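Here is a friendly briefing on salt bridges, the nonpolar core and the chain interface. Have the viewer open as you read, and follow the residues from topic to topic.

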Protein chains: 2
Amino acid sequence: MGSGLNLNILLRIFSYDYLSLTNRYTIDDMNATPSLPATAYAVLGLLTFGHDLSGYELRGWAQGSFRHFYWSPAQSQIYRELKKLEEVGFVESSAVPQADRPDKTAYTITEIGRRALSHWVASKPVDRPVLKHHPAMRLFFGHLVEPSLLIEILEEHVSSLMQTLDDLEMQSAALTGDETSGFSPLVFDWAAEIHRGDLRGAEMVIKHLTTRG
Amino acid sequence: MGSGLNLNILLRIFSYDYLSLTNRYTIDDMNATPSLPATAYAVLGLLTFGHDLSGYELRGWAQGSFRHFYWSPAQSQIYRELKKLEEVGFVESSAVPQADRPDKTAYTITEIGRRALSHWVASKPVDRPVLKHHPAMRLFFGHLVEPSLLIEILEEHVSSLMQTLDDLEMQSAALTGDETSGFSPLVFDWAAEIHRGDLRGAEMVIKHLTTRG
DNA sequence: CGTTGCATGTAAGGTGTTACATGATTAC
DNA sequence: GTAATCATGTAACACCTTACATGCAACG
């Protein structure tokens with residue numbers, strides 16, 4: 001362990017109230033990753049693709065990029081995560097003058113933020129994916145309603161899936177070959193496979209319901 | 001609208017603090033569905049398969065049945081939802097004497113609970129599925145770490161998926177043909193398709209990473 | 001002249017988790 | 001005897017959302 005580290009600091013780093021930290025991390029502290037919520041790292045990670053972004057822009061990027069394989073956080077939460085990240089020293093903000101507009105606050109990832117993030121990316125255990133499949137939940141209790149109502153719900157789900165697939169294929173195509181996009185096209189392809197599985201399943205269910213209902 | 005219904009009651013029913021309700025629902029109020037969280041309906045729905053269950057048993061059933069297509073709530077939350085459900089009159093509890101053990105409290109769905117649930121099952125809009133795919137999120141930021149670490153994470157995910165698939169296939173096989181299981185085998189088959197899509201995607205990613213890393 | 005987009009936030013409260021407390025029974 | 005399972009809960013708090021407030025600029 002490095003120079004600036006004592007038990008007191010460690011306790012504060014790994015306790016939940018990191019918001020009350022007055023000291024920032026030093027590189028010496030980086031033997032372990034502090035327990036920031038995954039959302040904080042997700043926001044932090046968006047700053048590693050080479051652009052300094054404002055809270056507002058981050059919201060847009062989050063919506064555009066993780067929408068289909070992670071949920072996208074509410075805008076108010078992004079601002080809150082940014083505040084926390086700045087307090088622990090993982091990002092730095094700077095005012096960017098805008099023509100004829102109030103300034104915007106752009107965030108840059110710091111070296112120490114980058115290290116913490118890299119550590120988190122490879123850290124284990126990785127939580128298992130969490131799926132909250134509302135249409136499947138409706139089917140699970142489908143014995144309580146008319147099959148025709150179930151089919152309606154399923155068909156809406158199918159058409160929403162097709163839109164999602166279109167979107168994913170477009171995004172993947174647009175980014176493949178782009179040096180700065182990292183593994184994101186690969187992630188979009190992966191997400192597309194998941195959604196195609198969902199589609200196959202939903203169509204199987206519809207077929208089952210129509211041939212005996 | 002029915003006899004016992006006035007604006008005041010409506011406001012209380014559709015406001016969030018249904019916990020403070022002193023009046024219970026009557027069947028007349030059932031033209032619409034109150035905004036209970038999906039979790040409450042999920043718990044309520046488990047009581048429609050013909051068994052009266054205790055909080056403890058419900059936790060087990062939830063874990064066993066929706067684990068793979070919905071998340072399973074913490075035990076403490078199940079107890080809280082049951083309390084709420086009883087307060088609005090959707091379930092009734094009765095003490096069941098246990099040999100040589102403290103009594104357990106078994107819950108039964110009421111007629112009005114059943115109506116509310118049926119209404120909810122067919123109500124729209126149905127929320128889109130929410131996926132929080134942690135391994136995919138790691139890959140999304142994979143440009144920050146060694147590819148070998150990514151492959152490790154992916155391979156662990158693959159083996160976890162295979163267990164899930166085994167589990168789903170077993171459950172589907174066990175329940176197919178069982179009159180009392182409703183559509184649940186169909187849901188398990190659907191979930192299996194989703195997980196097979198995930199598997200296909202993860203294997204594609206691994207192949208991609210190994211052939212150029 | 002109203003709506004949409006950019007941009008940043010606060011207030012309030014719902015949703016869900018972890019950790020703990022309790023107590024008896026069964027199994028090793 | 002000590003661990004695991006059955007069984008029920010409370011306390012504390014992390015996480016996240018909705019709704020609102022603000023202000024300016026551009027579009028039609």
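A network of salt bridges links A:K124, B:E152 and B:E156; a salt bridge here is a side-chain nitrogen of Lys or Arg within 4 Å of a carboxyl oxygen of Asp or Glu. The model is predicted, so local features need pLDDT of at least 70 and side-chain atom pairs count only at pLDDT 80 or more, while totals for chains, interfaces and linings use all residues. Residues are numbered from 1 along each chain as its sequence is written, chains are lettered from A and ligands numbered from 1 in the order in which they are written, and side-chain values use heavy atoms, with hydrogens and water left out.

**Salt bridges between the chains**

- In A:K124 and B:E156, the closest N and O atoms of the salt bridge are 2.9 Å apart.
- A:E156 and B:K124 also meet through their side chains in a salt bridge, at 3.0 Å from N to O.
- This pair joins two chains, because A:E156 lies in helix α7 of chain A and B:K124 in the loop between α5 (111-122) and β4 (130-132) of chain B; helices (H or I, at least four residues) and strands (E, at least two) are DSSP runs, numbered from the N terminus.
- A:E156 is partly exposed at 42% relative accessibility, and B:K124 is partly exposed at 40%; the term covers the range between buried (under 20% relative accessible area) and exposed (over 50%), with a 1.4 Å probe and protein chains only.
- Across the interface of chain B and chain A, the rule finds four salt bridges.

**Salt bridges within chain A**

- Over all chains, the structure holds 16 salt bridges.
- One of them pairs the side chains of A:K104 and A:E57, at 2.7 Å from N to O.
- A:K104 sits in strand β3 (residues 101-109) and A:E57 in helix α3 (residues 55-66), both of chain A, so this pair ties together parts that are 47 residues apart in sequence.
- A:K104 is partly exposed, with a relative accessible area of 25%, and A:E57 is partly exposed at 26%.
- A:R67 forms a salt bridge with A:D167, with 2.8 Å between the closest N and O atoms.
- A:R67, for its part, is partly exposed, with a relative accessible area of 39%.

**Nonpolar core**

- In soluble globular proteins, nonpolar side chains tend to be buried together.
- The largest nonpolar core has 112 residues, and A:F66, A:F69, B:F66 and B:F69 touch the most other members; such a core is a set of buried Ala, Val, Leu, Ile, Met, Phe, Trp, Tyr and Cys residues joined through side-chain atoms within 4.5 Å.
- Leaving aside neighbours within four places in sequence, B:F69 is in contact (heavy atoms within 4.5 Å) with residues including A:L131, A:M137, A:F140, B:V187 and B:F188.

**The interface of chain B and chain A**

- In contact across the two chains are 70 residues of chain B and 70 residues of chain A.
- About 7,100 Å² is buried between them, and carbon and sulfur atoms give 74% of this area; buried area is the accessible area (1.4 Å probe) that two parts lose on being put together, summed over both.
- B:F140, B:F183 and B:W190 supply 12% of the area that chain B buries against chain A, more than any other three residues.
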